[in-house]
Amino acid sequence: MEEGRIVEAYEVQYSDLILLSSSSSSSSSSSGGVSLSLSAEELSRLDSISMSIMEALGPSGSGLIAVAGVPNASILRRNLLPLARRLALLNRQDRNRILKEHSLGSDVPLKNLDRIVSSFAMQLKYKQDQKTTQNDNGSAEQDYQDVHGLSKIKDEEFKNLGNNFKDLGFHMMELGLHVARICDKAIGGEELVQSLLESCSAKGRLIHYHSKLDSLIIKETGKRKGSSKQKGNLKRDEEDSKTNEHTAAEFTKSCCDPSNLWQQWHYDYGIFTVLTAPLFIMPCYAQSSKMEDHLCKYCEQDFPSPTGHTYLQIFDPNKNKVVMVRASPDSLIVQVGESADILSKGKLRSALHSVCRPAKVENLSRETFVVFLQPAWSKTFSVSDYYPMDKLSEEIHRIVPPLASRLKDGMTFAEFSRETTKQYYGGSGLQSKR
């Protein structure tokens, strides 16, 4: 992939983010009872960083930044992300039990053998609740029988799953609040911070993007049941791939083939999406021709990104092209959602994005952890003086419903969320069959 198609996420140090979110423009300020004395030179440096952050998150930027040096984030990421794949390939009984023990659910139908993504979710509160509660995402569903002996994996492997999920999630929620304070100072007012705090919670998702091998294991196990319905699903999968290949030609020459996307093009409709830089995993042994001959799913190793970027790709409407995002492995990425775009009256720009699969490394999986920060469901949007930037091409509008068609003055966030979901994935939604 040529360098011209890669954008380096603007990176800010966490220590600078703390200073920016807690200090004022004066040379001496106090925040939370802590006095800050900053020199004129330091204030000038921080002002420059603040301007760069707003530029990156604004209409002329990429709609995202990377934050490095977040305390404990690197080790939490390293401990948590590999569990996404292991959960996805566990047998139904063990996975259900483990998810329940750690108050996790799934917002992806795990009984679907054709899925290419597995996701495990939990609602996170801004003030940690010491009680263990069952979340509202429901329990994982039956997907396949375990024929590789995977049910023998000991619970020791997952003993810190819930704690690591919560700990990393809280770090990312706090990070989002710091970014919101910086944006509020630049814009004026406290709209973003108050909107986040009024929501009281955020949604965390531990996501496993399947490699070809992972999908093969799941489908092969399904075929062993001898179900004609599952065989029909496999045939439809092949037909869908051909349909997607045709759609690709209609999209845009700079985009990945839709049949080679882990996640289709979309906007996040919350305020901020905070996500880890991805972890890539490769099985230790090459795939054999017979499933019963081969590897335990835990025989895996970290693998560097084949192209050096995250495989998160964004559409730049200013240049009318798609670019891949590159960020340091231990950084956390903060991405603007449509609610921030609306609340800031366009001073922040939501990023149209998708996740692309590596073209020549089929057995590589991608793991990440995402926290979605959104307003309270009852938050009302006023759009009388807001004009959505709608520079998308006609090809993109075929799969991404324009904001203007989903947003009406006086809508609550709940209504906006429902309308957005309907136009993307409803019965006649633009991506209902993707």
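Let me start with a definition: a residue is buried under 20% relative accessible area, exposed over 50%, and partly exposed in between, using a 1.4 Å probe and protein chains only. The model you see is predicted; local features need pLDDT of at least 70, side-chain atom pairs count only at pLDDT 80 or more, and totals for chains, interfaces and linings use all residues. Residues are numbered from 1 along each chain as its sequence is written, and side-chain values use heavy atoms, with hydrogens and water left out.

First, the overall picture. The protein chain has 434 residues, and 54% of them count as buried. It contains 13 helices and 16 strands; these are DSSP runs numbered from the N terminus, with helices being H or I of at least four residues and strands being E of at least two. A contact here means heavy atoms within 4.5 Å. Among contacts in the protein chain with a separation of 6 or more, 79% come from residues 24 or more positions apart.

Next, confidence. pLDDT is the predictor's confidence in each residue, from 0 to 100. Its mean over the protein chain is 81, and 74% of the residues reach 70 or more. Residues 226-232 have a pLDDT below 50, and that stretch has 5 contacts in the model beyond near neighbours in sequence. Over residues 234-255 pLDDT also stays under 50, and there the model has 28 contacts beyond four places in sequence.

Now the salt bridges. Side chains of opposite charge can pair when their charged atoms come close. The rule used is a side-chain nitrogen of Lys or Arg within 4 Å of a carboxyl oxygen of Asp or Glu. By that rule there are 15 salt bridges.

Asp-16 and Arg-45 form a salt bridge at 2.7 Å, N to O. Asp-16 sits in helix 1, residues 14-22, and Arg-45 in helix 2, residues 40-57, so the pair links distant parts of the chain, 29 residues apart. Asp-16 counts as buried because its relative accessibility is 10%, while Arg-45, at 35%, counts as partly exposed. Both belong to a network of salt bridges that also includes Glu-42.

Asp-330 and Arg-77 meet in a salt bridge at 3.8 Å, N to O. Here the two residues are 253 apart: Asp-330 is in the loop between strand 13 (321-326) and strand 14 (332-336), and Arg-77 is in helix 3, residues 73-80. Asp-330 is partly exposed, at 43% relative accessible area, and Arg-77 is buried, at 8%.

Which side of the cut-off is Arg-85 on, buried or exposed? With a relative accessible area of 2%, Arg-85 is buried, and Asp-214 is buried at 0%.

Helix 1 packs against helix 6, residues 161-187, at an angle of about 50°, with the axes 8 Å apart. Axes are lines fitted to C-alpha atoms, for helices over the stretch in contact, and angles run from 0 to 180 degrees between N-to-C directions. Helix 1 and helix 6 are therefore oblique to each other; under 35 degrees counts as roughly parallel, over 145 as roughly antiparallel, 65 to 115 as roughly perpendicular, and the rest as oblique. On the helix 1 side, the contact residues include Tyr-14, Leu-17 and Ile-18; on the helix 6 side, they include Leu-175, His-178 and Val-179.
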